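Me: I'd like to learn how to read a structure like this one. Could you take me through it, feature by feature?

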Amino acid sequence: MKLSELISPAMRHTGMGAVMNGASFVTRLLPFPQPTLMVGPGSSARLGDAIAGMGYEKILIVTDAIIVKLGLTRALTDALAAGGVDFAIFDRITPDAPIPLIEEGLAFFKENGCDAIVAFGGGSAMDAAKLIAIAANNPKPLRALAGYFKGRNSPVPIYAVPTTAGTGSEVTVAAVVSDPERHKKLVVMDLRVVPRMAALDPELMTGLPPAITAATGIDALTHAVESYLGKWATDYTDSMALSAVGMIFENLPVAYADGKNLAAREKMALASTYAGLAFTRANVGYVHAIAHQFGGLYHTPHGLANAIMLPHVLDYSAPVTTERLAQLALRAGLGSEDASEDDLADRFIAGVRDLNRRLGIPATLDALREEDIPALARAACEEALLGYPVPRYMDQATCEAIIRKVLPAPRSEDAGAAAPRRKATPRKTAAKAPRKAAAKASAPRARKTRPAA
């Protein structure tokens with residue numbers, strides 16, 4: 001039996017709340033590094049110039065074949081070559097990069113005698129580069145590096161050029177790897193995997209397809225929202241999260257509709273970085289806990305999984321996060337200060353749903369199967385219970401019910417055998433009434449004042 005099944009709801013809300021409050025004090029003392037940021041068109045070339053002056057023998061560029069084919073790395077590599085620095089390109093990264101692929105990258109790093117790494121691409125390239133960097137100086141199986149601070153030695157130096165605006169990995173302390181044998185994702189956490197410098201170059205993002213722009217953008221929104229609603233939030237993470245939310249609601253629809261809009265792309269890149277700065281300190285919550293299970297079992301792209309689950313988890317958290325949701329609504333431009341907190345909270349969740357709809361995010365997960373839901377919920381509850389400072393804990397049955405909301409409609413050939421699913425009850429008629437009762441039963445409302453970071 002899993003730990004999450006042994007702990008009663010009351011123990012979750014009191015005992016784990018106390019544990020997370022204690023952990024919050026510790027996280028505030030940690031010396032989170034922050035990379036030097038180069039922002040704007042041409043910044044990837046400027047990063048190459050800077051790296052070339054640092055005395056490295058050979059740089060490993062970790063990326064994927066499409067990025068190389070499109071020539072996106074050229075400005076960086078031209079700058080390295082002009083500075084007299086050799087480089088090698090490992091361009092085999094795939095979405096949801098698995099352990100065997102990371103091991104290939106590590107062997108490539110060693111065979112080419114590299115001494116620094118540039119992560120160039122989306123979240124998978126960033127994660128792969130971080131894992132190669134830490135494994136290069138810590139000779140142990142990759143599974144043994146999963147968890148907190150498992151590498152005794154510092155990783156090799158890492159630099160970053162994100163080509164999507166979503167993961168925020170250029171400023172985070174985490175790296176995620178897919179374990180295909182166990183059908184799950186492993187998370188490596190280490191302060192030392194934060195890149196030393198990063199280039200936020202909007203010119204590299206203008207060719208992103210609208211669907212990827214949408215999913216990665218909502219990924220960044222999820223980072224900002226979950227960090228803002230969680231119990232580890234500080235004044236610093238609040239400012240980063242609120243800035244990110246405002247920029248995303250304003251600029252994501254623009255970047256989605258007009259991928260060549262450099263101003264919107266640059267602001268989305270900054271929003272992703274701000275959200276990364278927030279959640280690497282304040283952590284995430286149930287949206288991520290569930291999305292990780294979808295990624296591990298179905299290989300669902302992480303941003304898409306987050307986007308699908310975000311409004312449903314917000315519905316569940318609303319009774320104890322009304323005040324904070326209201327502030328998010330104000331920053332997103334979804335209401336005015338003369339509205340009630342309940343109304344603003346509802347507007348924010350409705351605004352997330354509307355944004356998903358405008359961006360073509362599906363309301364259901366096609367791969368999800370009813371028979372998988374108990375195991376998915378069990379793993380998500382375990383992950384959140386042991387690692388995330390969520391505002392309101394779930395039990396197994398609640399998590400199953402929330403995941404069940406994104407089941408796809410029965411296929412036509414199964415329609416005769418399958419009973420029709422009931423439509424979700426609108427928030428304004430059903431969810432709003434018991435909000436205060438649920439809040440009293442589960443956790444205190446968010447604080448109006450927060451301690452300094």
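**Reading the fold, step by step**

Reply: Let's start with burial: of the 453 residues of the protein chain, 57% count as buried. Keep in mind that this is a predicted model.

Me: How many helices and strands does the protein chain have?

Reply: There are 17 helices and 9 strands. As for how the chain folds back on itself, take the contacts with a separation of 6 or more: residues 24 or more positions apart account for 79% of them.

Me: Next, the core. How many residues are in the largest nonpolar core, and which have the most contacts inside it?

Reply: A nonpolar core is a set of buried residues of the nonpolar kind, joined through side-chain atoms within 4.5 Å. Here the largest one has 81 residues, and Leu221, Phe294, Phe348 and Leu368 have the most contacts inside it. The elements giving two or more residues to this core are α8, α9, α10, α11, α12, α13, α14 and α15. The largest share, 13 residues, is from α12. Apart from this core lies another, of 36 residues, including Cys114 and Ile158.

Me: What does phenylalanine 348 touch?

Reply: Skip residues up to four places away in sequence, and you get Val225, Val245, Phe249, Leu314, Leu325, Leu328, Ala329, Ala332 and Leu334.

Me: Now a single residue. Is tyrosine 148 partly exposed or buried, and why?

Reply: Buried means under 20% relative accessible area, exposed means over 50%, and partly exposed is in between. Tyrosine 148 has a relative accessible area of 48%, so this residue is partly exposed. Its place is in strand β5, residues 147-148. Beyond its neighbours within four places in sequence, tyrosine 148 is in contact with Met189, Asn283 and Gly387. Look at aspartate 190 too: 42 residues from tyrosine 148 in sequence, yet 6.2 Å away in space, C-alpha to C-alpha.

Me: And holes inside the protein? How many cavities of 30 Å³ or more does a search of the whole structure find?

Reply: A cavity is space where a probe fits but cannot get out. The search finds 2 of them at 30 Å³ or more. About 100 Å³ of space lies in the largest cavity. Of the 14 residues lining the largest cavity, Glu226, Gly285, Val313, Ser317 and Pro391 lie nearest its centre. By class, this lining has 10 nonpolar, 3 polar and 1 charged, and α12 gives the most to it, with 4 residues.

Me: What about the second largest cavity: which residues line it?

Reply: That one holds about 60 Å³ of space. Its lining is made up of Ala165, Met205, Leu208, Thr213, Thr216, Leu252, Ala255, Arg265 and Met268.

How values were computed
Residues are numbered from 1 along each chain as its sequence is written. This is a predicted model: local features need pLDDT of at least 70, side-chain atom pairs count only at pLDDT 80 or more; totals for chains, interfaces and linings use all residues. Side-chain values use heavy atoms; hydrogens and water are left out. Buried means under 20% relative accessible area, exposed over 50%, partly exposed in between (1.4 Å probe, protein chains only). Contact means heavy atoms within 4.5 Å. On a 1 Å grid over the protein atoms alone, a cavity is a set of points where a 1.4 Å probe fits but cannot get out, and a pocket is an open set with protein on both sides within 12 Å along at least five of seven lines; lining residues have an atom within 4 Å of a point. Grid points are joined across faces, edges and corners, and a volume is the space filled by probe spheres set on the points. Ala, Val, Leu, Ile, Met, Phe, Trp, Tyr, Cys and Pro count as nonpolar, Asp, Glu, Lys and Arg as charged, and the others, Gly among them, as polar.
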